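Welcome, and please open the model in your viewer. We will go from stop to stop, selecting a few residues each time.

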Amino acid sequence: YRGDYNKVGRTTRDTFGGFLRGEMPVSDRIDLTTITAYESYERFRDSDPDFTPDVLFETLTEDDSQQFTQDVKFNGKAAEGAIRWSTGAAFIQEELNNLSLIDVNSDLFPVIRRQFKQETTAVMIYTVAAFDFLEDFTLEIGARYNYETKSFRIGEFIFAQFPELFNEGSKTWREPTGKISLTYHINDTTQMYIKYSRGYKVGHFNSNSRVEADSPARAEFIDAFEWGYKGGWWDGRVQSRGAF
C-alpha cells in the first residue's frame, strides 16, 4: 500500500529560553539557592492526516506558549552533619494559545476554526530532612504541598455558517505529596534501603470537548513502594545497584 499526499506537511518551531541561578551562604550551616527562568516557543504545523491526494481533512495549526518559573531553596545541616535538611518553594506561570484551521472539503462546512487558551498558575512548597541515627541508619522524610489552578477557554467557528461560540471553565487542585525512606549502611560502600512515595499529576482540560458540558480530567495519583541496594567493591572498581 502507498500513501499519497498533496501536502508536504512542514513543521517549524522557534524556541527561546534562559535562566539566572544564584547561590549564597546565609550562615555557616545554611545556603540559599535561587533559580529564575523563562521559556517560550512558537510553532506552525501543516498536516495532511487523511492519507489521500484529495482535500478531505487537512489542518493548519499555530500554537505558542510562555512560561515563567521561580524556585527558592534553603539547604542546611545540624551539628556534625547528623541532620541535613532542605526546604523551599517554586512558582510557575504559563500561558498556552492554540489556533487550528481544519479544511474538511464540504459544501456545508468548508473550514472550521478552533482555538483555545489555557492559563496555569502553580505553587509548590516542599521540605525534606535526613537523620543519621544508630550509626548505620538514615531516615529521610519529605513532604510537598501542591496548589495549581487552570483557566481554559475554547472556541469554534464554522466559516459562513455559525457565529463564533466560546466555552470557558476553570479548576483549582490542592494536594499534598511526600516520601519516607530508611537506609541501612552495611559498610562505607554498600547500603540497602526501603522507600515509600506518593506521586501526583494535576488534572487538565481536554481541547476536543465542550468545557461547560465536560468536567476536567481528574488528577492522577500513584503510591510507590521500593526496596533496593547500592554496592561497591574493590575500591569502587565494581559498582552495582538494584531495586524492586
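How many aromatic pairs does the structure hold? There are eight aromatic pairs, where rings of Phe, Tyr and Trp (its six-membered ring) pair if their centres lie within 6.5 Å.

Before the first stop, two notes. This is a predicted model, in which local features need pLDDT of at least 70, side-chain atom pairs count only at pLDDT 80 or more, and totals for chains, interfaces and linings use all residues. Residues are numbered from 1 along each chain as its sequence is written, and side-chain values use heavy atoms, with hydrogens and water left out.

**Stop one: a stacked pair.** Select F152 and F205. Their rings are stacked, 5.4 Å centre to centre with 10° between the planes; stacked means planes under 30 degrees apart, while over 60 is edge-to-face and the rest are tilted. F152 lies in strand β6 (residues 137-158) and F205 in the loop between β8 (191-201) and β9 (220-233), so the pair ties together parts that are 53 residues apart in sequence. Strands here are DSSP runs (E, at least two residues), numbered from the N terminus.

F152 counts as buried at 3% relative accessibility, and F205 counts as buried at 9%. Buried means under 20% relative accessible area, with a 1.4 Å probe and protein chains only.

**Stop two: the strands.** Select β8 and β9, which pair in the antiparallel sense over eleven bridges; strands pair if DSSP finds at least two bridges between them. S197 stands opposite A224 in β9. Next, show β10 (residues 238-243), an antiparallel partner joined to β9 by six bridges.

Technical notes. Helix = DSSP H or I, 4+ residues; strand = E, 2+ residues; numbered from the N terminus. Buried < 20%, exposed > 50% of the residue type's maximum accessible area, 1.4 Å probe, protein only.
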